[in-house]
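Here are my notes on this one, point by point. Have the viewer open while you read.

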Amino acid sequence: MCDTCGCQSEDEATYKKPGDTNHDHTHSHPLRHVLDVNRDLLHDNDLMAERNRGFFEARKIMAINLVSSPGSGKTTLLEKTISALHKDIRFFVIAGDQNTLNDATRIEKTGTEVIQINTGTGCHLDAEMVHMAIRKLDPPRNTLLVIENVGNLVCPALFDLGETKRIVMISVTEGEDKPVKYPHMFKSSDVCIVNKTDLLPHLDFDLAQLRGNIKKVNHQMKVFELSALKGEGLQQWLKWLTAQKTP
Ligand SMILES: Nc1nc2c(ncn2[C@@H]2O[C@H](COP(=O)(O)OP(=O)(O)O)[C@@H](O)[C@H]2O)c(=O)[nH]1
Ligand SMILES: [Mg+2]
């Protein structure tokens with residue numbers, strides 16, 4: 001079955017051949033209806049995202065939407081970032097996962113106010129979920145809100161949360177080709193953090209190739225290479241974040 005339009009035709013297999021980029025069909029089917037539904041869903045999300053953006057702008061809150069595959073090191077980077085900067089910046093965190101309070105528990109240990117959103121079967125946070133969470137957290141003026149999205153390089157790319165910056169993380173164990181395999185996420189992000197550089201000596205991983213692939217899909221992307229666990233490269237990231245927060 002075709003993933004995009006759900007039709008059952010035999011010739012669906014053809015568009016999955018390497019080199020095929022279009023969802024081509026030799027038959028007609030109601031593809032238009034699927035696109036309309038998606039547009040409506042995203043329209044509602046975009047309206048709510050604008051409300052969130054207005055809230056953040058009015059309170060001069062920097063809101064970061066942190067996205068990556070599961071296990072890239074988002075929560076680890078957050079723990080390290082908060083520990084390093086909590087004297088200068090007041091952090092608030094929204095943690096998204098399908099299940100468990102694990103990330104909220106980790107963030108809470110840093111003394112930061114956090115709300116966990118469990119999406120159940122959902123593969124991303126949406127603007128409405130974030131809206132409800134910020135009503136509860138009520139972050140005051142001049143603070144920094146980090147929204148750790150559900151681990152996934154696909155669905156979160158479509159959902160604007162009203163964030164100030166979208167930051168995509170990729171770890172060096174994931175392969176150099178992920179930016180070109182999942183271009184929407186890398187295109188829609190402002191910053192890319194390449195994590196787990198401490199593992200490079202043990203891997204057959206070509207950092208130059210990854211850099212090239214990032215630039216291929218988003219040549220303006222700001223890139224930080226670091227090890228959240230061991231601390232190498234962390235200073236440049238902290239310096240950049242501090243500069244964003246204090247205009
Ligand atoms: N070697 C190494 N491991 C890391 C690094 N950052 C995170 N990890 C490990 O990767 C795993 C997943 O990290 P976590 O922060 O939970 O990832 P998340 O799912 O993206 O939030 C944990 O076992 C971390 O200790 C890093 O810089 N180097
Ligand atoms: Mg996490």
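**Notes on the fold**

1. Let's start with helix α2, where Lys74, Thr75, Leu77, Leu78, Lys80, Thr81 and Ile82 are buried. "Buried" here means that 20 or more other C-beta atoms lie within 10 Å of the residue's own, with 12 or fewer counting as exposed, anything in between as partly exposed, and C-beta atoms placed from the backbone. Helices (H or I, at least four residues) and strands (E, at least two) are DSSP runs, numbered from the N terminus.

2. Before going further, the ground rules. This is a predicted model, in which local features need pLDDT of at least 70 and side-chain atom pairs count only at pLDDT 80 or more, while totals for chains, interfaces and linings use all residues. Residues are numbered from 1 along each chain as its sequence is written, and chains are lettered from A and ligands numbered from 1 in the order in which they are written.

3. The geometry of α2 checks out: its 12 residues should span 16 Å at 1.5 Å a residue, and the end C-alpha atoms are 16 Å apart, which agrees. The expected span is 1.5 Å times one less than the number of residues.

4. What does α2 sit on? The helix (residues 74-85) lies across β1, β2, β4, β5 and β6 (191-195), and runs at about 165 degrees to β4. Helix α4 (residues 127-137) also packs on the sheet, touching β2, β3 and β4, with its direction at about 150 degrees to that of β3. Angles run from 0 to 180 degrees between N-to-C directions, with axes fitted to C-alpha atoms, for helices over the stretch in contact. Contact means C-beta atoms, placed from the backbone, within 7 Å.

5. Now the sheet itself: it is open, has 7 strands in the order β3-β2-β4-β1-β5-β6-β7, and pairs in parallel. The edges are β3 (113-118) and β7 (222-225), each with a single partner strand, so one side of each lacks a neighbour in the sheet. From one strand to the next, the twist averages 20 degrees. Strands count as paired if DSSP finds at least two bridges between them.

6. Strand β1 (residues 62-68) has 6 of its 7 residues buried. It pairs parallel with β4 (residues 144-148) over 5 bridges, and Leu66 has Glu148 as its bridge partner there. Another 5 bridges join β1 to β5 (residues 165-171), also parallel, with Ile64 partnered by Lys165.

7. For the whole protein, 34% of the 247 residues count as buried. Of the contacts with a separation of 6 or more, 73% come from residues 24 or more positions apart.

Technical notes
Contact = placed C-beta atoms within 7 Å.
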